[in-house]
Amino acid sequence: MDQKQTEKTIPVKKSSKRDYIYAVGRQREAVARVRFYAQVKDDAKWEESAIKKQQILVNAKPIEYYFPGQLAKVQYMKPLSLTQSFDTYAITIKVSGGGKNGQLDAAVKGIARALAKIDPQKFRS
């Protein structure tokens with residue numbers, strides 16, 4: 001008698017090689033999806049905008065245009081200035097829902113969570 005050998009196939013988990021750190025910030029109805037890029041490729045683009053170090057893009061616009069004003073700048077730069085990490089990353093943020101203030105708060109929380117993921121001991125939230 002022939003015995004059939006059955007091979008067990010083990011599902012292989014796909015490893016997606018991401019070149020960014022991802023975090024989500026929420027405030028009421030607003031949601032911000034934040035990506036930190038430590039190394040940026042020369043041809044990296046987000047919609048029409050090129051991604052560069054020392055730059056923050058919100059919905060493919062520079063953050064200064066999306067959240068204008070000095071008070072907003074102080075708020076979104078606070079986690080970056082406390083950790084002294086603005087020079088080392090390019091940041092993209094996709095916000096949706098809520099109003100402008102809720103979106104700004106969600107973006108700040110997302111930035112803080114991404115920094116905490118990078119180095120939990122140094123940048124704890």
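Start with Ala60, which sits in the loop between β5 (56-58) and β6 (61-62). Strands here are DSSP runs of E with at least two residues, helices are runs of H or I with at least four residues, and both are numbered from the N terminus. Ala60 is not a glycine, yet its phi is positive, about 65°. For background, most residues other than glycine have a negative phi. Is Ala60 buried or exposed? Ala60 is buried, because its relative accessible area is 12%. The cut-offs: buried is under 20% relative accessible area, exposed is over 50%, and partly exposed is in between, with a 1.4 Å probe and protein chains only.

A word on the source. This is a predicted model, where local features need pLDDT of at least 70, side-chain atom pairs count only at pLDDT 80 or more, and totals for chains, interfaces and linings use all residues. Residues are numbered from 1 along each chain as its sequence is written, and side-chain values use heavy atoms, leaving out hydrogens and water.

Next, Arg28. Where is Arg28? It lies in the loop between β1 (20-27) and β2 (30-37). Its phi is positive too, near 50°, and Arg28 is a residue other than glycine. Arg28 counts as exposed because its relative accessibility is 83%.

That loop belongs to a hairpin: β1 and β2 have 2 residues between them. The two strands run antiparallel, joined by 8 bridges. Pairing requires that DSSP finds at least two bridges between two strands.

Now into β1, where we find Ile21. Ile21 has a relative accessibility of 27%, so it counts as partly exposed. What does Ile21 touch, leaving aside neighbours within four places in sequence? Val34, Arg35, Phe36, Ala114, Lys117 and Ile118. Contact means heavy atoms within 4.5 Å. Take Ile118: 97 residues from Ile21 in sequence, but 7.2 Å away in space, C-alpha to C-alpha.

Step back to the whole protein. There are 3 helices and 7 strands. Along the sequence the pattern reads β-β-β-β-β-β-α-α-β-α. Of contacts between residues at least 6 apart in sequence, 66% join residues at least 24 apart. Of the 125 residues, 38% count as buried. The accessible surface, by the Shrake-Rupley method with a 1.4 Å probe, where only the protein chains shown count as cover for residues, is about 9400 Å², and 48% of it belongs to carbon and sulfur atoms.

That's my tour. Questions, please.
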